Amino acid sequence: MSLKISRILHAGYIFETGAAKIAFDPIFENPFSRNCHAYPSIEFDLKEVSKLKLSAIFVSHYHDDHCSMESLNLLDKETPLYMFCVHEEMFSLIRELGFRNVFSLSLNESVQIGDIEIIPRRALDQDVDSLFQIKHQGFNVLNVVDSWIDYSTLDLLKKEGSWDMVLWPFQTMRELDVIAPSRAPEVSRSLPPEWIEQIKELNPKYIVPSSCQFQLEPWSWYNQAFFPITYKQFQKEISDVLQDTETVRLNPGVSIELCQSGIKHSEPLRWIKPIGEQNVDYKFDPSLIPPPTAEIARKFPKLSDTEKRVVLEYCRKGLIEKFESMDPPQDDYFLKARRWRLTLFDHDGKAFDFHYLLKDSTAEILEESSQIPVAWVTEVPLFKVYAALELGESLTSMYVRINDFRFTAKIEEEIQYADIVEDPLIRCLFNDVFGSYQKAQIQEIRRRNNL
């Protein structure tokens with residue numbers, strides 16, 4: 001009696017018994033989510049992936065590093081697919097991809113697949129994420145995915161114990177800090193105290209540092225600024241508080257069997273090929289000075305004249321229309337009239353400046369010579385704005401830089417408490433936008449198939 005657990009990549013796993021084979025959050029792309037490169041490095045044998053015979057697929061939430069149409073498209077469309085998502089539109093997109101048996105998961109309602117029981121549990125952000133409790137013949141595994149646990153859920157999980165294994169997210173990724181690096185607070189390179197407290201309460205026999213295993217582009221400064229926690233640090237902190245809990249590192253393709261006597265290594269996934277050293281670790285450099293956005297923009301392709309016009313026309317007109325169609329910004333900072341400077345850099349590092357006067361839900365173009373002081377600054381590669389408008393690019397791969405600028409003393413005093421995600425460009429590109437990444441993937445799949 002055993003439960004085989006194999007790591008795919010990031011938050012992806014396969015759970016296998018004699019009677020069932022289930023994939024969780026399967027990603028078979030490298031890179032995935034546009035610019036997430038497997039770390040350690042691997043290659044997928046996609047022909048072998050397409051031959052997989054799965055009993056079911058479970059998707060924890062709709063984010064593109066968990067729900068990728070390109071990855072799902074490789075799998076047999078007759079496979080039952082279960083997903084936690086409050087947006088019905090995502091289920092329609094998956095059916096459009098060709099899956100015929102698509103089911104919406106309800107929290108705390110059990111699903112039986114062969115001899116494996118899966119119970120979705122509530123995450124802290126219950127409108128987005130879910131956790132998975134996986135049970136098999138007395139074994140009890142918690143897959144936290146990359147969520148944070150709600151304390152009411154923790155109370156429930158404590159009653160569900162004891163826990164044989166917990167798959168726990170180990171990176172506190174700095175998605176917002178790298179957007180405004182000159183204004184980011186000092187970062188902790190340790191696990192959050194809440195995590196330590198919750199792991200102690202769960203007290204698992206084994207814990208897997210999970211939900212990461214990627215870096216950004218090889219040239220990206222994010223690789224030294226995005227990932228503050230190492231595998232080494234994770235293991236040390238766990239062993240400091242739980243001497244009887246064993247930390248088990250699972251690199252992509254690695255398989256283990258959870259048995260009554262403990263765990264043992266099992267045959268690896270043959271469709272994942274390791275490349276180079278696999279027991280790599282993250283390196284964080286808090287003293288790193290980010291390169292200028294103009295330099296970063298040179299890393300991206302040149303847009304055609306038509307594509308460039310799409311972006312510039314959006315900045316002149318479409319952005320204003322979008323801004324005025326939304327609810328007013330929630331941050332008090334924008335209750336006053338503010339001058340916003342948006343700068344786009346092309347593949348040569350050439351700057352295109354746009355100046356706007358913003359107040360509540362109104363926006364208008366300002367002349368650069370206006371005497372109104374600049375009160376908000378956004379920089380971004382021109383290519384990435386086009387990608388967000390047309391290709392479903394997500395915020396984490398945009399290389400947006402916000403307020404890397406010294407304002408007047410009065411504005412500096414006011415802006416220090418402003419919310420970065422109230423940035424006008426971020427709001428216009430991403431507020432009230434759902435599934436753009438997956439929709440763009442489906443369009444590309446249809447184009448390849450001449451549909």
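Among contacts between residues at least 6 apart in sequence, 70% join residues at least 24 apart. The model is predicted. The chain holds 12 helices and 24 strands. Its radius of gyration is 23 Å, close to the 22 Å that the globule rule gives for 451 residues, so the chain is as compact as a globular protein of that length. Taken along the principal axes, the C-alpha atoms fill a box of roughly 75 × 55 × 40 Å.

Of the 451 residues, 56% count as buried. The chain exposes about 19,900 Å², and carbon and sulfur atoms supply 47% of that area. There are 50 positive and 69 negative side chains. The centres of these two sets lie 4 Å apart.

**Aromatic pairs**

The structure holds 32 aromatic pairs.

| Pair | Centre to centre | Angle between planes |
|---|---|---|
| Tyr222 and Tyr399 | 4.6 Å | 25 degrees |
| Trp340 and Tyr356 | 4.8 Å | 25 degrees |

What parts of the chain does the pair of Tyr222 and Tyr399 tie together? Tyr222 lies in the loop between β15 (214-215) and α6 (231-241), and Tyr399 in the loop between α9 (382-390) and β24 (401-402), so the pair ties together parts that are 177 residues apart in sequence. Tyr222 has a relative accessible area of 3%, so this residue is buried. Tyr399 also counts as buried, at 3% relative accessibility.

**Helix α5**

Which residues of helix α5 (residues 193-202) are buried? They include Trp195, Ile196, Gln198, Ile199 and Leu202. The cover over the buried residues of α5 includes the strands β12 (139-143), β13 (165-169) and β14 (206-210). Helices α4 (151-160) and α6 are also part of that cover. After α5 comes Asn203, which has a positive phi, near 50 degrees.

Key. Residues numbered from 1 in each chain as written. Predicted model: local features only at pLDDT ≥ 70, side-chain atom pairs only at ≥ 80, totals over all residues. Heavy atoms only, no water. Helix = DSSP H or I, 4+ residues; strand = E, 2+ residues; numbered from the N terminus. Rg over C-alpha atoms; globule rule 2.2 N^0.38 Å. Buried < 20%, exposed > 50% of the residue type's maximum accessible area, 1.4 Å probe, protein only. Contact = heavy atoms within 4.5 Å. Areas by Shrake-Rupley, 256 points an atom, 1.4 Å probe, with all protein chains shown as cover. Lys, Arg positive; Asp, Glu negative; His and termini not counted. Charge placed at Lys NZ, Arg CZ, Asp CG, Glu CD. Phe/Tyr/Trp six-rings, centres within 6.5 Å; stacked < 30°, edge-to-face > 60°.
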